[in-house]
Each structure stands twice: as C-alpha cells, then as structure tokens.
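Dear colleague,

Please find below the structure I am handing over to you. My findings follow directly after it.

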Amino acid sequence: FDVGYNYHIYVTDNGKAYGAGNDFMKGIGLENTSKDYVQINFSEGVIPKRPVCTNNSETYKPALMFVDNNGKPELWSGGHSSYGLLGQGENKNDSQQFAPMDYDKEKIVFTRALIKYYFGMAVTDKGELYGWGQNSYKQLAMSDTKTYYSPTEIPFFKDYYVHDFECGDYHALIVASPRDDMEKKKMFATGDIRGISDQSAKTNEGVLHLKMFDDCKYTFLECGENTFYIGFEGDNKASEGVSVHEGYTCEVTNETPIQGTMHFWKAGDWHFVSPAGYKQLKEENKLPAI
C-alpha cells in the first residue's frame, strides 16, 4: 500500500493491484466516477508486488510498481510526468499502462525506490544508487543540471555501499559506507539543502558530507518539501549541539538564541519557545490548543 498526492494504490496478497484517485487513474486510462477501487491490469505473467506513489502536485501523476515478471523482479512505471519520473526513456512523459522502466534488467535488481516530488532514486541489491528525473539543483548528485529520463547510476556513490536514502523536493539524504570500510557509515545530503549554514564543502556534484552525523545510530530518515529529519538512538537529544536558532528569543524564558528543538506557532502573532519554555507551558497547562 502506498499513498500519493490525491491518489493511492494497494496490492493484494494474491497479486492484484487497485487504485483510487482520478488525478492518477486518468493518466492510465482508468477514470473512476463511482468512488470504488478500480483494478489496474498488467501484462500476462506480470504480478504486481509493491507500489510507489508520488507527492508531486501535477494534475496527472506517475507511480512505480515493483513486479514479478515471469519470475524476475523488475521496476515498472505508469501514468504521466513532465519531469522524467517515469524513467522509461528519453522524453517519455506518458504511459497509459504500467511498463518496464529503462534499465538493464539482466544486471540490475532494485530493492527500494522513491519518486516523492520531481526526481527519483533507487538502490540495488548490491548497494548501488541510481537516479532519474530533474537535476536542476543537483539533487541527483550529478555535476550537470539536466533532466534524466532513465535510471542512471550516480557516479559519486560508485565507491560506496548505499544503506538508506530519502528524497525531498529538491534534495536528498543518503547513508552509505565506503566499500573498503563497510563498518563506517557516512551521511550525505544533495541538492538544495535547507538548514545547514555552512555548505562550503559541497562538491561540484552538489553533495555535502554531513560529518556531524557519521556513525550515529539513526532510527529514521525523512525528507519533506524543504526540510529533512533524522532520528537517533541514545539519551541525548538529536538536536544537541546542532540546532542553534539565531535571531529567536523564547517568550517564556527569554533564552536567545534558542537552542535545541524550537516550538513555534501562530496565534495572532508568531510565538517561539525553547525546550525549557515548552516544558514550563506544558506543566502550567498553557500550551495553545492547536
């Protein structure tokens, strides 16, 4: 099961796919006016396994599907994308049926893929990282800024084994180990990275090594439209020694700058509160009803 912007798709245990949401269904020729789920058919011998939807707000949208094609695991796509998200080849913007993406299926087995907004990434069973779609901010970690219409291995990570990744609007987070030192995990960000003040070490490919997170035991990664989030194991707060909110003053404790997790909301004016201020408001039962 996966959810996108105004549509979603699920796959049953017996290998049947169903979708809802005309923003996507129209793009594969299955407009639905009854509000029931509509079955998405595949070629004979092709069994859908796992859908991947997008948060892209285009009127008509793409989706990916991991399939079993007569015993071979493959990644297919369908729908519409003006940004190369179908990954079916040069200038292929529409696919009214799910069809194979353009990559070497004899050598490449993708295990995870994302197409959250305007670009896609996928990792193979060998820890290789591929990308396609827009690269306008070098979010694909390619040195140019063109659009890629087929999954393309990302050269920067050829000497790394990629463990995990997340895609945002024009940025990504990637956790990888050097292939000659698999015990060491490094964290990288690509593209239009918000919230990191010093980006002077960003490479020509748009990659920034987030050294402060190396070898941390992270519990999750997530990218939003202009944000990213990293959760960690341990007693210390994830933001300790990292988040310093210059120019903000806690209206409860007068702490400035606010350090750690900053809580903020708008009720008439904007209100900004430090962790200590938040705790005090909570104890006094004065937190706003939001």
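Is aspartate 169 buried or exposed? In this predicted model, aspartate 169 has a relative accessibility of 6% and therefore counts as buried, the cut-off being under 20%. The residue lies in the loop that links S13 to S14. Leaving aside residues up to four places away in sequence, aspartate 169 touches Tyr117, Tyr118, Phe119, Gly224, Glu225 and Asn226.

Four strands, in the order S5-S6-S7-S8, make up an open sheet with antiparallel pairing. Strand S5 (46–52) and strand S8 (94–100) are at the edges with a single partner strand each, so one side of each has no neighbour in the sheet. On average, and ignoring direction, neighbouring strands are turned by 20° against each other. Six bridges join S5 to strand S6 (residues 62–69), and valine 52 has leucine 64 in S6 as its bridge partner.

The nonpolar cores complete the account. The largest one comprises 34 residues, and Met121, Phe157 and Ile174 have the most contacts inside it. Strands that each supply at least two residues of this core include S6, strand S9 (110–114) and strand S14 (171–178). Among the residues that isoleucine 174 touches, beyond those up to four places away in sequence, are Met121, Leu129, Phe157 and Lys186. A second, separate core has 17 residues, including Ala17, Met25, Val38 and Ala63.

Yours sincerely

Methods:
Residues are numbered from 1 along each chain as its sequence is written. This is a predicted model: local features need pLDDT of at least 70, side-chain atom pairs count only at pLDDT 80 or more; totals for chains, interfaces and linings use all residues. Side-chain values use heavy atoms; hydrogens and water are left out. Two strands pair if DSSP finds at least two bridges between them. Axes are lines fitted to C-alpha atoms, for helices over the stretch in contact, and angles run from 0 to 180 degrees between N-to-C directions. A nonpolar core is a set of buried Ala, Val, Leu, Ile, Met, Phe, Trp, Tyr and Cys residues joined through side-chain atoms within 4.5 Å. Buried means under 20% relative accessible area, exposed over 50%, partly exposed in between (1.4 Å probe, protein chains only). Contact means heavy atoms within 4.5 Å.
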